[in-house]
Each structure stands twice: as C-alpha cells, then as structure tokens.
Amino acid sequence: GSVTDAFQAAAPANVVPARIDAWVTPPPYTRRAPIFLTSDANRERQIFHVPAGSDYAVRITGGSGEETLDLSDSAGTSTIAPGGSAAEGSGKAVARQFSGKLARDGVLVLKQGEAELQSWAFQVTPDNPPVVRITDEPKRAVNGTLELHYEVEDDYGAVSGTAEFAQKEADAPGARPLYDAPEMPLSLPRRGGIAAKTTRDLTEHPWAGGAVELTLRVTDAAGQEGASETKEIVLPQRPFSNPLARAVIEQRRLLALDANAKPRVLRLMDAITVRPDETFPVLSHYLGIMAARSRLKVSETDEQLRGVVDYLWEIALAIEDGDLSAAEKRLRQAQEALKEALENGATDEEIERLMAEMREAMNEFLREFAERSMQNQNMAQQQMMPQDGQEIRQSDLQRMLDQIEELAKSGAREQAQQMLQQLQEMMNNLQMAQRQQGQQGQGQQSEMRQQMDELGELMRRQQELMNETFQMDQMQRGQQQRGQDRSQQRGQQ
C-alpha cells in the first residue's frame, strides 16, 4: 500500500441501524390500554398523560450498544440501567431494554453518547385514596339484620370494603372474651355508580344488643384505604318473648363476653332448673339446658366454651320458635352464599349449584311456614301477605329464582344481584309478618282456650242439672198412690 495509508482512518465497523420501540402500560385496575410512544400516531405528541404507577419500557434493537436512558422528574435525574441484552436474528443484532415505573411528572431521554436520540414527556395523574361516607343512619331491617346505606368514590373503583365494630365500653379488667368483633364485608357500588347497600344478620353474635362504634373502610387496587366517620349504634338483636329463652340468652351473653363467668353461669342454670315441673312446659327444653350445663361444667378450653355458647343459642331458638328457626337460618345462608358468588364472578356451574341449594332451602322454609300457618287462623287468612300488603305466591318466588339464574348465566350479574336483593327484602318482610301474626295468634288462641274452658264448665254443670232433674222426674213418676190431681200438679211443677 501507499505510505499515506498510515494517515487514513480505518473503515468503521458494520453497525446495525438502531430500532427504537417504547411503550407505557397503565396498571391493570385502571382498565386503560397501553400507549405505544413510538407509533406514527404518537410520534409528534408533546406530552403523554398516564396514571400513576404505569410501567414504561424502551427497547433498542441494533445500534452501538452504548445507548443510555435518563429519567428527569422532581426528585432529580437518574440513569436507568438496562434490564439485559440478547442477540436476535441471523444478523446477531443486539437488543437492550430499559424499564421502570412512573410515579411523578417527568421526561425520559434516550441518548447515544452525548447525542439525544429521542425523548418523551409525561404528566402523571395521581391515584387518590377512596372515599366512603355513610348516607343514612344505620338501622335495623324488618328481619333484624343490620342495614347500611353508604357511598363509595374512587378514581378506578374500590376493590374491597368492610364495616369495623368496636365496643363502646371496654371489657372488664381481667375479662377473657371468647369472640372477636363481628365481621361484615361491604357490597361495592355497581360500575358507574357510587351508592351501595349492605345488610347482614349479626343477631347471633354475642355483641348483639350492645352499644358499638361503627366505621366503614374501603380499599382500592393500589392498596390505599379510606374510612368513614365513626357512628355509635346499638347492634340489632333478635327479640325473644319467651321468658325462659331470654334467660338462656342472658346466660349465653355472660359466658361469651367473659369466659371467667363460667361459675356464675352454672349457678344461673341451677336456679332456672330447680323446679322443672313449674318452669318447663316442654320437657325437651329442660333436657337441653341440663345437657348444656353438663357440657359447660367439663369445658376448659376456649374452643369448648364457644361450643357451649353456640349450643345455648340453638336451645333459645328451639324454645322461642321451634323448628322454623333452622329453616330460616338455612335460607339466609343460601342467600348470602349466592350473593357472594355473584359478586366474585363464580362459574355457571357454581351458580347452578348454589341456586339448587337456595331452592331447596326456600321450599323447606315455605313448607314449615305453611304448617305453622295452618295452626293459626290469623295467619291462615293472610298466609303469604307481608307487611306491605302485597300478596306473594310460591310460584312468584320460583319465577324470581328462575330469572336470577338466567340473568347470572347470561352474564348480567349486576341485574341478578339487584333481583336477589329484592327477593331478600320480600322474604325479610314475610318472615317479620309471620312473627307478628304468630304472636297475635298465640294471644288469640290463649283467649279462645279460656273461653272454651269456661264454656265446657258451663256445659258440664248444665248436664249435671239435667241428670238430677231426670232422676227426680223418674222418682216422682214412680209414686202411683197419689191421685190424678196431684199428678197433674206435679207435671205443672
């Protein structure tokens, strides 16, 4: 070669032209599509509006391999380290990728050495914490359940909520409660709305009837929490009209709130069972309380004591309502299971199984309802008449169940939930009407029984007088010595 070759620059290496792909992926809960920064439609865009927590990614295929990416925001400028590199294709082009999250407004700058290849400016929309507020005073529904009305607002919708309870009065010093605070998950508003309603039966919890502090809490998909104001309420309790049932419930409450009260509860049980022939009109109730006393006497652990508390509740229900309470409880459990399945997006097979269970529970409840109605004339006249006066037929309830199942299987879960809520309210009104009519029927039966007893006593006395009159007449007719005048006079008498 020539001597001048030593002073000429060497031929540059064969560098593959760089291909730049960049995109931003919003968090899944925002339900927003990814933004491709390097597409033709966005190439001239000055600022990109993205939700907080969005993931960015910049991928360089080919190039020199010395490209860098800087992120500048209010916290300063930082250089993003590449996530890795790999050879692609037959040309052995090297691909490098940079990724991270966008928490604040900032600018991404892609450089090669000191030369800027491309840049993107972002305005990040913050994700505010959810807001929950109570819109109506918590109240007791017609069937004794706690009913809450509230509103929930969030940028992208809350994902969970719960009602938290705290006893207004602290436990006594040294007390050993057997139960924690009751749990009450909240139903969330349907998409596009903010109002919601939740009802739950807490009458079985030992705190029922006591003063508590209620606070609603909701959480969004980003893990942020929002709380409502705290309200002081009295947890609804199941009313017991039978004095013996009320005594059992009081013993149950004492034991549940303090396991150390076991000796006192045993003494109370002894007190109400001292004269069973005068206290217990039904022998099975006496046997149930004595069985509970035996279990309580040998119970040592908290788990065993909780079993006694649950058993006392069943005894009180049996004394107050008989077998109907079990059917009512099963129906409520079936309604709650179906409601949770609709909210959580259960499969069609699961919905079908839960619908079958609810049909069976409702048929059992209606069958026992009809049997008790036949024993009470007042209820027989208004057999399926709730408090609002609207007649309900069993065929109407079955038709509503069919519609709920069809809506759920067709994908209209929100409409199915709304119809299930209507069905629950109808059954709540029906159960409350039954209790009220049953109490009225018991009073009427007692009054009727007294009248029947008085009428029977009057008829017995009349029969005795008629027998005495007949005997006297026979004796008088047997006296043949008297004359005809005396006989006529005797007949007139």
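**Exercise 1: two helices packed on α5**

In this predicted model, helix α1 (residues 243-257) packs with α5 at an angle of about 165°, their axes lying 9 Å apart. Classify the relative direction of α1 and α5, and describe the contact between them.

Solution. An angle over 145 degrees counts as roughly antiparallel, and α1 is therefore roughly antiparallel to α5. The crossing of these two helices is left-handed. From α1 the contact draws on Leu244, Ala245, Val248, Ile249, Arg252, Leu255 and Ala256, while α5 supplies Leu305, Val308, Val309, Leu312, Trp313, Ala316, Ile319 and Glu320. Sorted by class, the residues of the contact of α1 with α5 are 13 nonpolar, no polar and 2 charged.

Solution. The contact of α4 with α5 divides into 12 nonpolar, 4 polar and 1 charged residues.

**Exercise 2: the second largest pocket**

Describe the lining of the second largest pocket, and state which residues lie nearest its centre.

Solution. The second largest pocket, with a volume of about 1,200 Å³, is lined by 38 residues, of which Ser187, Leu188, Pro189, Arg190 and Gln417 lie nearest its centre. Elements giving two or more residues to this lining are β12 (146-153), β13 (158-167), β15 (195-200), α6 (324-343) and α10 (413-477). By class, the lining comprises 14 nonpolar, 12 polar and 12 charged residues.

Key. Residues numbered from 1 in each chain as written. Predicted model: local features only at pLDDT ≥ 70, side-chain atom pairs only at ≥ 80, totals over all residues. Heavy atoms only, no water. 1 Å grid on protein atoms, 1.4 Å probe; cavity = no way out; pocket = protein on both sides within 12 Å on 5 of 7 lines; lining within 4 Å. Points joined across faces, edges and corners; volume = space filled by probe spheres on them. Helix = DSSP H or I, 4+ residues; strand = E, 2+ residues; numbered from the N terminus. Nonpolar A, V, L, I, M, F, W, Y, C, P; charged D, E, K, R; others polar. Axes fitted to C-alpha atoms, helices over the stretch in contact; angles between N-to-C directions. Parallel < 35°, antiparallel > 145°, perpendicular 65-115°, else oblique. Left-handed = near helix turned anticlockwise from the far one by under 90°. Contact = heavy atoms within 4.5 Å.
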